[in-house]
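Subject: Structure handover

Hello,

Here is the structure for you to look at. Please open it first, then read my notes below.

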Amino acid sequence: MKGLFLKDLGLVKGQKQFFGVILIMMVLFTTAYTNFAFIIAYITVMVGILTLTTISYDEFENGMGYLFTLPVSRREYVGEKYLFSIVTTLPGLAAVSAFSFVFSRIRKIDFPVEEWVLSVVVSFLVVTAVLSIVIPLQLKFGADKSRVALMIVWGGGIMAVYLGIKACEAWGIDWKAAIDWICGMKPAVALAGITVICGLLMVGSYLISLRLLEKREF
């Protein structure tokens, strides 16, 4: 797994233009916008998708087929992708969080420490949820088809929420009360629940990705 990690790290180091764009966006957002919680989440997700570029490079000209002729198991490959996604996301999250905190103080915008900490934690949980959905799609369909599949999944999710709301209204279920109850939870309890859900989602995503990759022929 160490060799795979070093390989992906080398691929990411070659993405200088991407990092330049991220840095410019980070500076522009923190100097022009006031919603720092959104900025932290948005930049963190952008950094997190770097893992997808390494999968695309691996698949280029049947490179993944060659990769598995080496002493690399599919389990190691999938595990490394999830580990690499977390390791590469953390520095980006730390940088944008620090930028946001400093610029909020320079611009004298109300951004309490409690809200800042909550934004950092939620942003990390959001990126883990996004990667849990996107990585299996990337491994299953490849770079091009995975975009279409992601749009279908996203559209299906929105449709499921809409139909769920309509079903609750038809059956006389007060879904707004459930939302109010969730919003009224203590932050620590809510974060703990979200963390458990995202952890389970990541584990389930890993198992699905492993199964999909084991079925692929190269």
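First, a definition: angles under 35 degrees count as roughly parallel, over 145 as roughly antiparallel, 65 to 115 as roughly perpendicular, and the rest as oblique.

This is a predicted model, where local features need pLDDT of at least 70, side-chain atom pairs count only at pLDDT 80 or more, and totals for chains, interfaces and linings use all residues. Residues are numbered from 1 along each chain as its sequence is written, and side-chain values use heavy atoms, leaving out hydrogens and water.

The chain has nine helices and zero strands. Helices are DSSP runs (H or I, at least four residues), and so are strands (E, at least two), numbered from the N terminus.

Now take helix H1 (residues 2–13) and helix H6 (residues 74–106). They pack at an angle of about 45°, and their axes lie 10 Å apart. Axes are lines fitted to C-alpha atoms, for helices over the stretch in contact, and angles run from 0 to 180 degrees between N-to-C directions. H1 and H6 are therefore oblique to each other. Contact means heavy atoms within 4.5 Å. H1 contributes Leu4, Phe5, Lys7, Asp8, Leu9 and Val12, while H6 contributes Glu76, Tyr77, Glu80, Lys81, Phe84 and Val87.

Two totals for the chain remain. Of its 218 residues, 34% are buried (under 20% relative accessible area, with a 1.4 Å probe and protein chains only). Among contacts between residues at least 6 apart in sequence, 80% join residues at least 24 apart.

Best wishes

Note on methods: Buried < 20%, exposed > 50% of the residue type's maximum accessible area, 1.4 Å probe, protein only.
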